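Here are my notes on this one, written for reading with the model open beside you.

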Amino acid sequence: MAKANPIQVQKFLSGMDYPANKEDLVDHAKSKGADENIMQTLEQLPDEDYETPADVSKAIGHIK
């Protein structure tokens, strides 16, 4: 399955408090009703803290 577009992912991360770790991002997106593609993309992120939404988008861009 193709990775989700970072803009699509950000729709499900609106209202997220940063900094946030990968688990926080996954939980928040799930609570916003993110689909399977969004969830799989977030699960592939490195397990680290993200300071801003831009950091998340940048990490998504590095997913193979």
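**Notes on helix 2**

1. Start with the outward side: Glu 23, Lys 30 and Ser 31 are exposed on helix 2. Keep in mind that this is a predicted model.

2. Helix 2 runs over residues 22–31, and its buried residues are Lys 22, Leu 25, Val 26, His 28 and Ala 29. Those five sit on the same side of helix 2, because the arc they cover around the axis is only 165 degrees.

3. What does the buried side of helix 2 pack against? The partners are helix 1 (6–12), strand 1 (20–21), helix 3 (36–43), strand 2 (49–50) and helix 4 (53–61).

4. Setting aside neighbours within four places in sequence, His 28 is in contact with Phe 12, Leu 13, Ser 14, Gly 15 and Met 16. Take Leu 13: it is 15 residues from His 28 along the chain, yet their C-alpha atoms are separated by 6.5 Å.

5. At the start of helix 2, Asn 21 has a side-chain oxygen that comes within 3.1 Å of the backbone nitrogen of Glu 23. After the helix comes Gly 33, with a positive phi near 85 degrees.

How values were computed: Residues are numbered from 1 along each chain as its sequence is written. This is a predicted model: local features need pLDDT of at least 70, side-chain atom pairs count only at pLDDT 80 or more; totals for chains, interfaces and linings use all residues. Side-chain values use heavy atoms; hydrogens and water are left out. Buried means under 20% relative accessible area, exposed over 50%, partly exposed in between (1.4 Å probe, protein chains only). Helices (H or I, at least four residues) and strands (E, at least two) are DSSP runs, numbered from the N terminus. The arc is that of the directions from the helix axis to the C-beta atoms. Contact means heavy atoms within 4.5 Å. A polar contact is a pair of N or O atoms within 3.5 Å; within protein, one must be able to donate a hydrogen and the other to accept it, and residues adjacent in sequence count only if both atoms are side-chain atoms.
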